[in-house]
Amino acid sequence: MNSSASEGIVQMGKLVVHIAENGHSYQLDCDEYTLVESVQKFLESVCGIPFNDQLLLCLDMKLESQRHLSTYKLPSDDREVFLFNKARMRSNSPAPASEQIKTIDIPDPPSPSPSHNPHPLDDASDPALKALPSYERQFRYHFQCGRAIYSRTLAKVETCERLLQEQKVQEMALEIAKGNLDHFYRIVLQNYTDFLKCYSQQHRSHTNLLVNFGRDLEKLRSIRLLPSLQTSTNRKCLLDFVKEENLQKIMEDCSSSHRQFENKVSEFKQEFGDLKRNTENLFSGKASFLVKDFELAINDHQRNINEQKSIMQALSKDVNTVKKLVDDCLSCQLTSSLRPHDAVSALGPMYDSHDKTYLPKMQACDRAISDLLEFCKDKKNEMNIFVHNYMQKIAYIQYTIKDVRYKFSVFQEALNRQNDQFEHLKVVHGIGPAYRACLAEIVRRKAAMKIYMGKAGQLAEKLAIERDGEVRRREEFLKVHSTYIPRDILASMGLYDTPSPCDVNVAPFDSNLLDIDLSDVERYAPESLLGLSPKSAYGSQSSEVEGSTAELSEKYGSHELLEGSELVEIAGTSKMEVENAKLKAELASKIALLCSVSAEFDYDSHDEHKLESILKIAAEKTSKALHLKDEYEKHLQSMLRVKHMQCESYEKRIQDLEQRLSDQYFRGNKISADEAGSDFAVSTLKTGDNKSEVSGVEEMAMPHAMEEVSCTSSSSNMIDSSSMLNPQLDSSMLDLQRDKGNLCDKDKNETTWLDESKSLIVSNMAVSIPHPADSQSCELAVEPGLDAKLSDNSLALELQNYLAENSIQLEKNVETKIKALMSEVSKLGNELETSRKLLDESQMNCAHLENCLHEAREEAQTHLCAADRRASEYSKLRVSAVKMHGLFERLRSCISSTGVAAFTDSLRALAVSLPSADNESDDDSATELHECIRVLADKVGVLSRQRSELLDRYSKAEAANEKLNKELEEKKELANSLYIKHQLEKQANKEKISYGRLEVHEIAAFVRNPAGYYEAITRNCPYYYLSAESVALFTNNLPSRPSYIIGQVVHIERKMVTSEQAEATLKPQNGTGQLTLSLGSTSNPYGLSVGCEYFAVTVAMLPETTIHLTPTS
């Protein structure tokens, strides 16, 4: 086959096509533009498979007739095409014929004769020389016989190898067909798995809705609406949201549809189970064992070929030897050592080995190869039958797969109809969770609104702080640079503008929300609406909250739990209120989420594997929540210990402050007493008392310096200890420390001023006091001079004047200093009064500090009680969770038990093993769950008994149904026969017999007249006769002629009687009722007069026409 494409470069190639039914292979020369249709036509011509019965597969692709080979990347050296015969894949197709092997008949050579092949040594006188040509002819004959045998053997071996190759081709064809079937089977299996998954979930969900329908109605009837939601339209409870009068009818319809659909799905499961079993059995059967045995047999017989090859080599060597001897004799080259008699004696044993050993061995090998050929032929026939049966099974499975795939769409539509039909029940089941979710959403929105408004206020405060900082920075800038730049220039530059204040205004929203809290949610929409016990639901919610708290503690650390970035004070709201609002919003959102996904995570809506995984995940989450609760309890205890240590440190510092303040108060009283004494001493002192005044001033200044040192050290110690013990010191305590620091700083400033005044007084006294000392020393020094020089009066007078002047000057200086000291003392009195007032304020601050300490003690005691209460609640919750976990594990083992009976027995045993209500603790959740398990066990037992009864009824109903089906089939057959008869009767009534002038396609009735001819019954239209052919048609298979004939006119021939025709008559044959012509012409058989016109009518038989015979007399 050559391509007819002429444009571009066409890539030529060879296309190998294998025939699956017999393993034959064909190689076609074609190109990529060759149509698949051309290939099919060529295959039809060479292998005889009709065009419409051809199925071409390449790998997993089906070759379409209208496409080019390039669509499938053909022709290609690594791709082969397999041809399957669709006719052979039908169930009623005949078995393949036995394999016909054409053997090549190679005849044995003729016996050697001297007359046919004369030799010069035949006439030799020496008998030995005369025998040499005879040996040569015999040896050549043996070689030719061996070659004939070897050729036949090789032909048989080639046939065996061809059959082996054909079997391998058939095996590959089966693999291709199996891969194609496996592709479609995997698709339908995936579709079946997806359908079963969807159906299983839907079935469990719908069963749950049907079982819990009554309980859902009771719950909705028992839950009253909020008073603000109760309207005048008789909406008092949740059940008023739907029309109760229609629900029972809907429930019955859903239950009936549920059972019918379940029966249909059971039948479909059985059908698919048969398909799966047939497919697995088909895939388990392989043809490799046939090919393997075939190949082993051929390899085992290869030794016979090798043996024949060695024999042929020996025969060829012997022929060459005898030929050489004959040639040497002809050329007279025999040596003295080798005479003709010796050569003949040596050739004798060689001849015997040929005749008795070599040739028999070759014949034995040939017979073994012949047996191998028969074995291969049987294996090939067996392979053909295996391929035939295998392809029929594949065709049947493909037909079943196609039928199953058509049913998937039907069942998918049925699933959708089931969902639509159960929508009302889903609404009834979801009203309770939706109502609870709505109430929880109200609580969440209120808490979120509070946080949102607080964050808006916080944002306004932050922006106001930023604005104040920007305003101060601009004022400082203008203060620095306005000295150098004129104000009008600065104004022109726009540097006098100030940032506008930011007004964060949030419009009111959520003003129509109901005024409810979490307690109202539990009151008006209890957790029983979700189908869960209150304790277990609370446990789950509390575990969520504690889990989130534990995550916060891990993220920010134990010392930063209450001072995270999200828990700052917002717009006048304390951190505790912010935390409560956040926790309340989170708890409300969790409640709404649980309500929303309660249907999705319902245990009844999952398969067993998913149920097991859910239980496992729930157990892990429970253990993790318990661990987090323990960690949080330890964290609270550590926080309480830290708070207790802080309280003790506060008490010690307060006691130290009280002692220091009392000591400072007593020192202040002592200083005031010393001040009064110093005032009295100043009024009477003279120059020699200056030293005591200075000492009095030093004594007055020393307590202030000591108090400064003690106050500074106390403040530093307090700040260090507080920063080391608690970095989260309350603002009130920091304010107290700040006030105390300010007091100490003020005392320090006063003490510094006293130190300066003291140094000034001492320096002044140091200047003024030496003058009287010098005068005294001079006076002491002059006295000896006066005693020695009494005569020097002028000098004495001068000295006396000098002393008087110095005394007057000294008195003036002393008075000035005393006045200065008095003014300083008055100032110190004023400052002392100020210090006394500060001391009073310090005492008031101390009292405020005691109040704060008392409040801190009460708060710590409150936190301790709350921690103890939470710890007890956590321990109870943990014990309850462990019990619940154990109970759920036992319930899961009951659910996972195989079989309905085993499930019923295990559930009954579980219910019996549960403690009675009198022996149970106060745990309401455990009591309710135990009661639910008991009720479930009772209902399951009742359902099990009802199931057995229903199975019995079903078997009886099946038997009755089969009987009714048989009767129905009989009635159908009877009704069909009656209907057909009725239709025929109606048709016969419609077809009226014509009694006027006859026309073609009309029905006519012919009556036999006395002359034996059939004449039509007409009104005023005579001479209509039935033709002889029609008479023969109606009377051929009848013993006698009928009295009348009714038929449909198909042809009317008009004739005229002439004078020549008048002598011819048509007479009936005696005894047979058949018409015979008399001598003469046959144009006037009815004996009419000359010139009479008559008509020969040809009619056809009507269906279901009954021919009435003439009654015998």
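Helices (H or I, at least four residues) and strands (E, at least two) are DSSP runs, numbered from the N terminus. The structure is a predicted model, in which local features need pLDDT of at least 70 and side-chain atom pairs count only at pLDDT 80 or more, while totals for chains, interfaces and linings use all residues. Residues are numbered from 1 along each chain as its sequence is written, and side-chain values use heavy atoms, with hydrogens and water left out.

A pocket is defined on a 1 Å grid over the protein atoms alone, as an open set of points where a 1.4 Å probe fits, with protein on both sides within 12 Å along at least five of seven lines. Lining residues have an atom within 4 Å of a point. Grid points are joined across faces, edges and corners, and a volume is the space filled by probe spheres set on the points. The second largest pocket has a volume of about 600 Å³. Its lining is made up of 19 residues. Leu55, Asn180, Phe184, Gln398 and Lys402 lie nearest the centre. At least two lining residues come from each of β3 (54-58), β4 (61-62), α2 (127-211) and α7 (340-421). Helix α7 gives the largest share, 8 residues. By type, the lining holds 12 nonpolar, 2 polar and 5 charged residues. Here Ala, Val, Leu, Ile, Met, Phe, Trp, Tyr, Cys and Pro count as nonpolar, Asp, Glu, Lys and Arg as charged, and the others, Gly among them, as polar.

Buried means under 20% relative accessible area, exposed over 50%, and partly exposed in between (1.4 Å probe, protein chains only). The largest nonpolar core has 71 residues. Phe84, Phe195, Leu347 and Met391 have the most contacts inside this core. The largest share, 22 residues, is that of α7.

Leucine 372 is in helix α7. Its relative accessible area is 3%, so leucine 372 is buried. Leucine 372 and aspartate 300 are 72 residues apart in sequence, and their C-alpha atoms are 9.9 Å apart. Isoleucine 187 belongs to helix α2. This residue is partly exposed, because its relative accessible area is 32%. Glutamate 218 sits in helix α3 (residues 213-222). With a relative accessible area of 49%, glutamate 218 is partly exposed. Its C-alpha atom is 8.5 Å from that of leucine 239, 21 residues apart along the chain. Leucine 914 is placed in the loop between α18 (900-913) and α19 (924-990). Leucine 914 is buried, at 7% relative accessible area. The C-alpha atoms of leucine 914 and histidine 930 are separated by 6.8 Å, with the two residues 16 apart along the chain.

Backbone geometry was also examined. The peptide bond from leucine 74 to proline 75 is cis, with omega near -5°. Proline 75 is in the loop between β4 and β5. Aspartate 510 has a positive phi, near 55°, and is not a glycine. Its place is the loop between α9 (487-493) and α10 (518-524). Aspartate 510 counts as partly exposed, at 29% relative accessibility. Tyrosine 1023, also not a glycine, has a positive phi of about 65°. The loop between β7 (1014-1016) and β8 (1024-1026) contains tyrosine 1023. Its relative accessible area is 32%, so tyrosine 1023 is partly exposed.

An unreviewed UniProt entry lists "coiled-coil region" for residues 258-318, 640-667, 811-859 and 947-985. UniProt positions are given in the numbering used here, feature names are shortened, and annotations may be inferred rather than shown by experiment. Residues 640-667 are 100% helix and 0% strand, with end C-alpha atoms 40 Å apart. Residues 947-985 are also 100% helix and 0% strand. Their end C-alpha atoms lie 54 Å apart.

How values were computed
A nonpolar core is a set of buried Ala, Val, Leu, Ile, Met, Phe, Trp, Tyr and Cys residues joined through side-chain atoms within 4.5 Å.
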